[in-house]
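Visitor: I have a model open and want a quick tour. Can you walk me through it?
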Amino acid sequence: MKKLLVTGGAGFIGANFVHYWLQRYPADQVVVLDALTYAGNIANLDSVKDNKNFTFVHGNICDQSLVEALLVEHNIDTLVHFAAESHVDRSITGPDAFIETNIMGTYSLLKAVKKVWLDADTVLEGHRFHHVSTDEVYGTLSATDPAFTEDTAYAPNSPYSASKAASDHLVRAYHHTFGLNVTTSNCSNNYGPFHFPEKLIPLVITNILHNKSLPIYGDGQQIRDWLYVEDHAHGIDLVLQNGRIGENYNIGGNNEWANIDIVKTISKLVEQEFINNEELAKRFPGAIAAIEKNTESLITYVKDRPGHDRRYAIDATKTNDELGYQPKESFETGIAKTVQWYLNNEAWWQSVMDGSYQNWIAEQYS
Ligand code: NAD
Ligand code: TYD
């Protein structure tokens, strides 16, 4: 039975991980520590809030004494670290928060676990610090480059990926220098329920429903590898169960898409939903999908993101071979589920978006 401290558990991937974990391991204890920034929503944890094995703590990962107290009070043996500033566009206009949370916050967590797990009279056997990182630390690929492996040299290009790379290195150093039991996973772009609608996939779904333009940065030929979020949770589970201490594991979907093709695919899917379900035209009367089948006309090419990475691709051979990892969802099933989720959870996405972000980003890319 594990006792987990999950940082950032009220965010997109963290919340999905908590749902996954409590369903799969109902006897485990899960404590979530989350600062509830704009990206964190307590509503993401509604379905587990009455579970007696679940505790929510509103607090900051930079608060080392709070983290130490939580580790002791809840006898935590496993820390799964999701908390981060995660949006590349925000890291371009305001890098400070990324340095503070992603670098200083991770450092603060490492100091806390070292003090409680390693520096006490007896070292806590079987402790684990799992760090959730990204494929973006490896930089960018050309169309013909081989996919990133765990041996690819780090070459981050945005303040976001640079801050994640720095945190990965600190985690590694705490293993090599102090003997902390760490693992790190580097995952590709996730999508699925509770994805904050500033990121490409939920932004496109919600903008279609509001009849707003679908902004394509640059030529729209940038490639990302997309993974359904529950498959990420499953990958982390396998790393926690059987990953070798001190190792990095790539997690990916083997599912590369150009941005423009993603947007066109979602446009078609939403249109089909309007054909299948007449209620939708009543709920979203302004949506072009309700009036004429021409959703792609909302596509608007805007100026490119500064330093925009061209292509990410994950080679997950090590994770597949060592841990038996395979994504369960295909892109077709995962994106269909995701579109359905956004159609069924309008109250959620209306409540998390107050419109100010959309106005701000429209100014940046006009
Ligand atoms: P998110 O932005 O949706 O959620 C981040 C969560 O962290 C929020 O709940 C927020 O309130 C919390 N948080 C932020 N700063 C905090 C602080 N100082 N103290 C405590 N809590 C804080 O992010 P996400 O998309 O769920 O990503 C989670 C992790 O996975 C991040 O580390 C990210 O780098 C990594 N990752 C994300 C993706 C992706 O596609 N989204 C892919 C690979 C890796
Ligand atoms: P995003 O979801 O922000 O994830 P990341 O930058 O971490 O990969 O963006 C995914 C891709 O979509 C990326 O190449 C940028 C592009 N993009 C757009 O073209 N338009 C948009 O409005 C957004 C948010 C992203």
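Guide: A term to begin with: a polar contact is a pair of N or O atoms within 3.5 Å; within protein, one must be able to donate a hydrogen and the other to accept it, and residues adjacent in sequence count only if both atoms are side-chain atoms. This is a predicted model: local features need pLDDT of at least 70, side-chain atom pairs count only at pLDDT 80 or more, and totals for chains, interfaces and linings use all residues. Residues are numbered from 1 along each chain as its sequence is written, chains are lettered from A and ligands numbered from 1 in the order in which they are written, and side-chain values use heavy atoms, with hydrogens and water left out.

Visitor: Ligand 2, then. Which backbone atom lies 2.9 Å from an oxygen atom of ligand 2?
Guide: A backbone N or O atom of Tyr217. From Arg224 comes a polar side-chain atom, 2.8 Å from an oxygen atom of the ligand.

Visitor: How much of ligand 2 does the protein bury?
Guide: 97% of the 510 Å² that ligand 2 exposes when taken alone. Accessible areas come from the Shrake-Rupley method with a 1.4 Å probe; for residues, only the protein chains shown count as cover.

Visitor: Which elements give two or more residues to the shell around ligand 2?
Guide: Helix H6 (200-209) and strand E8 (214-217). E8 gives the most, with 3 residues. Helices (H or I, at least four residues) and strands (E, at least two) are DSSP runs, numbered from the N terminus.

Visitor: How many residues surround ligand 2?
Guide: 17, with Glu136, Pro215, Arg224, Arg305 and His308 closest. A residue is near a molecule or strand if one of its heavy atoms lies within 4 Å of it. The shell splits into 7 nonpolar, 5 polar and 5 charged residues. Ala, Val, Leu, Ile, Met, Phe, Trp, Tyr, Cys and Pro count as nonpolar, Asp, Glu, Lys and Arg as charged, and the others, Gly among them, as polar.

Visitor: Now ligand 1. Which residues come nearest?
Guide: Ile13, Asp34, Ser86, Tyr160 and Lys164, out of 28 around ligand 1. That shell holds 13 nonpolar, 13 polar and 2 charged residues.

Visitor: What polar side-chain atom lies 2.6 Å from an oxygen atom of ligand 1?
Guide: One from Lys164. Backbone N or O atoms also come in: that of Gly11 lies 2.9 Å from an oxygen atom of ligand 1, and that of Asn190 lies 2.8 Å from an oxygen atom of ligand 1. Alone, ligand 1 exposes 840 Å², and the protein buries 96% of that.

Visitor: Which element gives the most to the shell around ligand 1?
Guide: E5, with 3 residues. Helix H1 (12-24), E5, helix H5 (159-178) and strand E7 (189-191) each supply at least two.

Visitor: Stay on H5. How many residues does H5 have, and how far does H5 reach?
Guide: H5 has 20 residues and reaches 28 Å from first C-alpha to last, close to the 28 Å expected at 1.5 Å a residue. The expected span is 1.5 Å times one less than the number of residues.

Visitor: What do the buried residues of H5 pack against?
Guide: Helix H3 (88-93), helix H4 (96-118), E5 and strand E6 (182-187). Lys164 is one of those buried residues, as are Tyr160 and Asp168. Buried means under 20% relative accessible area, exposed over 50%, partly exposed in between (1.4 Å probe, protein chains only).

Visitor: Is Asn75 buried or exposed?
Guide: Exposed, with a relative accessible area of 51%. Leu36 is partly exposed, at 28%.

Methods. Contact means heavy atoms within 4.5 Å.
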